[in-house]
Protein chains: 2
Amino acid sequence: MSSAATRPAGPDDLWSVDEHLEDILSTVRPLEPIELQLLDAQGCVLVDDVTVPVSLPPFDNSSMDGYAVRVADVAGAGEEFPAVLEVVGDVAAGAADPVRVGPGQAARIMTGAPLPPGAEAVVPVEWTDGGLGEGPVSGMRARSLAPEGAEGHVHVYRSAEARAHVRAKGSDVKAGDLALEAGTVLGPPQIALLAAIGRGTVRVRPRPRVVVMSTGSELVQPGERLAGGQIYDSNSFALTAAARDAGAIAYRVGAVADDAETLRSTIEDQLIRADLLVTTGGVSVGAYDVVKEALSYAGDADEAGSGVEFRKLAMQPGKPQGFGSIGPDHTPLLALPGNPVSSYVSFELFVRPAIRALMGVTDLHRPRARAVLKADGALRSPKGRRQFLRGTYTDGEVTPVGGAGSHLIAALAQADALIVVPEDTESVEPGSEVEVVLLG
Amino acid sequence: MSSAATRPAGPDDLWSVDEHLEDILSTVRPLEPIELQLLDAQGCVLVDDVTVPVSLPPFDNSSMDGYAVRVADVAGAGEEFPAVLEVVGDVAAGAADPVRVGPGQAARIMTGAPLPPGAEAVVPVEWTDGGLGEGPVSGMRARSLAPEGAEGHVHVYRSAEARAHVRAKGSDVKAGDLALEAGTVLGPPQIALLAAIGRGTVRVRPRPRVVVMSTGSELVQPGERLAGGQIYDSNSFALTAAARDAGAIAYRVGAVADDAETLRSTIEDQLIRADLLVTTGGVSVGAYDVVKEALSYAGDADEAGSGVEFRKLAMQPGKPQGFGSIGPDHTPLLALPGNPVSSYVSFELFVRPAIRALMGVTDLHRPRARAVLKADGALRSPKGRRQFLRGTYTDGEVTPVGGAGSHLIAALAQADALIVVPEDTESVEPGSEVEVVLLG
């Protein structure tokens with residue numbers, strides 16, 4: 001399953017963060033596109049260029065509530081000497097066959113209604129007496145109060161140029177124009193445009209379905225009672241929430257006990273609804289590291305490209321990691337370490353980009369920035385490891401929160417950034433510039 | 001329903017954008033809190049301070065896979081003269097009653113397992129021979145390969161200080177500590193912390209349920225066939241998507257014909273699932289402006305604070321707007337104009353903050369920035385109106401896309417910012433600094 005790039009050779013050689021990420025991204029392919037209802041496609045990536053089938057607006061129409069007129073009939077009209085026109089009826093929005101406007105005539109017209117044949121311009125109702133004969137009005141009378149519609153005569157107090165207050169057919173987009181490019185992420189304005197050009201469904205890459213399970217016989221569900229040696233499962237909650245935040249449909253399976261057979265059958269059960277599997281825990285060097293044990297058997301010898309590889313990364317936290325694919329569809333699987341901070345940081349660095357690659361977006365990574373370190377003392381970092389410390393970022397400055405311990409979940413909940421300390425740096429002085437990953 | 005602040009007096013007086021927004025925000029109250037399952041509370045606002053019921057970790061535990069030892073037994077140990085200790089058994093994560101470690105003894109211990117009584121420190125397995133008698137190892141043998149567990153003797157090649165590789169009880173958080181403050185928005189790390197301290201449910205303000213309907217007899221559903229004078233409904237799709245983006249649960253009712261009785265009964269039907277109603281269209285001065293007509297009757301004279309007020313704003317696009325409350329629960333209702341760009345801009349300026357006020361977040365508004373205008377010519381803006389033009393923003397520069405027309409939906413789909421031209425500005429030269437609203 002791995003690409004041809006140079007990789008650490010032996011099982012005990014360290015992989016760099018970048019090598020591991022590159023291995024993941026060279027393996028994970030965008031999901032096959034499907035046709036979705038417009039609102040189900042929100043946040044998804046368009047697969048094909050979309051062209052405009054009919055011009056928008058599809059017909060000349062009024063941009064105002066007013067009267068549709070001929071230009072010559074209102075030429076020179078003023079407050080003192082208004083044009084007086086015969087009103088031939090109403091043109092409402094949606095009118096299929098509007099009344100014709102002849103010389104000396106006007107039709108009362110609503111915003112969005114088609115410009116009737118014979119008319120050249122629209123005068124806003126505020127430039128007229130609204131047919132009431134009592135000087136300029138501020139609006140039309142509601143139809144319920146005057147159900148007979150417009151009739152009689154209207155006084156027009158201002159002239160209008162040809163096409164005044166008329167939105168021309170095709171002035172927004174023309175038939176054949178490119179509406180949206182393949183690769184566009186569909187937010188509300190893009191959905192608006194697709195609806196406006198008549199697209200009820202659209203071909204996109206679907207949201208990836210991500211199955212999250214934590215492992216560990218010590219794990220108890222929140223809300224239950226802790227016995228000796230037990231802790232609450234937090235990883236399955238955190239990573240399910242994080243997968244959703246990344247754009248996925250996430251399923252939380254919860255905690256699986258440290259038993260290889262149970263884990264294998266749980267994973268096999270879940271494959272049917274998974275585009276990506278994420279596990280936490282059981283990937284290190286202990287005798288009870290069940291994920292490592294169970295998945296060493298999961299690769300089918302008959303299936304090329306199947307199998308999960310466990311490796312050590314030059315990274316803190318998050319040294320032990322597993323990555324590969326599993327099952328008949330070669331579903332990608334990321335096996336993260338079990339410490340809450342390790343699993344969360346690993347999610348941000350590896351799982352989030354994998355989810356976004358499945359979605360087909362080009363913008364895979366969290367934004368990064370340079371920031372000045374604000375701290376009481378120097379930050380220490382082990383040589384040869386890329387360290388990710390938790391911090392809070394404001395206006396170009398970052399302040400560490402909590403320590404380096406991978407169990408410090410309370411500090412993580414206060415952080416909005418990861419401080420990156422490179423492999424060759426063992427100490428960072430306050431006031432130095434560091435790279436930060438903004439968790440947004 | 002309006003507050004006591006100075007407001008335009010007459011029905012034809014213009015309201016400023018800020019007056020209208022202030023009226024909305026002084027009326028809309030955060031929703032009543034409810035107790036939700038942790039993952040259902042994602043993105044919601046915590047109502048109460050949450051304190052830590054039990055310290056984390058709840059017991060001293062190992063941060064490594066290794067051996068739990070007494071310090072004196074490994075003092076002075078080295079590669080050449082290792083300490084040799086009797087292995088009394090395994091301590092797995094979740095162990096309720098771990099074996100005791102006496103002088104000259106060690107217990108094999110897994111990451112997260114409780115430090116057994118008698119032991120003072122943990123030596124990583126990599127500092128030992130793993131009980132195999134063949135020099136340093138890189139990990140433990142999986143239990144499936146050695147089901148008998150740890151026994152015999154282990155060689156330890158390095159000494160350890162007291163508490164080495166031990167995570168102390170309460171070193172993350174202590175019982176009684178403040179875990180999260182009221183008002184915190186629950187993202188993945190906050191959900192992690194709540195789970196870790198055993199909270200299965202949490203009291204938050206729920207996501208607002210927003211009902212979106214467009215009005216207009218000219219509107220046809222996308223995917224159907226256009227007849228003369230008809231256009232596709234795009235507003236109900238755009239604003240449903242935008243309401244979700246703002247954090248709401250959004251229901252798209254679709255397009256309602258220009259008939260006051262139908263609209264009134266549709267709104268009444270929908271009230272049961274609405275914390276906020278949003279309509280588009282039918283709010284201007286035309287004879288068929290059905291929202292205005294229907295909702296003028298909706299205020300119940302017996303119910304103080306009920307009713308929808310229609311007003312004109314000193315704004316382009318988006319001049320005609322309605323705001324008020326409706327029904328027995330005084331459900332807030334925003335009636336937006338019907339042009340696609342007008343309704344979208346109105347949503348961003350007024351509905352989005354209203355949704356976020358219902359959620360109880362303090363961060364109501366889109367971020368704003370100053371940007372240098374990049375354009376071929378000056379931007380024109382009508383005096384006395386605050387204009388919102390569509391633009392694309394990059395690195396401190398903003399470029400207008402499309403024109404000022406409120407029907408230009410194709411340009412809106414290319415924009416990621418609104419350019420704000422103040423009321424007293426009629427022209428903005430290229431190179432000048434302008435305010436922009438970042439649509440994110």
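Modeller: In chain B, 7 strands form an open sheet with mixed pairing, in the order β1-β19-β21-β22-β18-β14-β17. Strands here are DSSP runs of E with at least two residues, helices are runs of H or I with at least four, and both are numbered from the N terminus. Two strands count as paired if DSSP finds at least two bridges between them. At the edges of the sheet are β1 (14-15) and β17 (249-256) of chain B, each of which pairs on one side only.

This is a predicted model, in which local features need pLDDT of at least 70 and side-chain atom pairs count only at pLDDT 80 or more, while totals for chains, interfaces and linings use all residues. Residues are numbered from 1 along each chain as its sequence is written, chains are lettered from A and ligands numbered from 1 in the order in which they are written, and side-chain values use heavy atoms, with hydrogens and water left out.

Within the sheet, β21 (residues 320-326) and β22 (residues 331-336) of chain B are antiparallel and share 5 bridges. In one of these strands, β22(B), L334(B) is the bridge partner of F323(B). Helix α7 (residues 340-359) of chain B packs on the sheet and touches β14 (209-215), β18 (276-280), β19 (307-313), β21 and β22 of chain B; contact means heavy atoms within 4.5 Å. The direction of α7 makes about 170 degrees with that of β22(B). For such angles, axes are lines fitted to C-alpha atoms, for helices over the stretch in contact, and values run from 0 to 180 degrees between N-to-C directions.

As for the interface, 100% of the interface residues of chain B are also interface residues in chain A, so the copies meet through the same surface.
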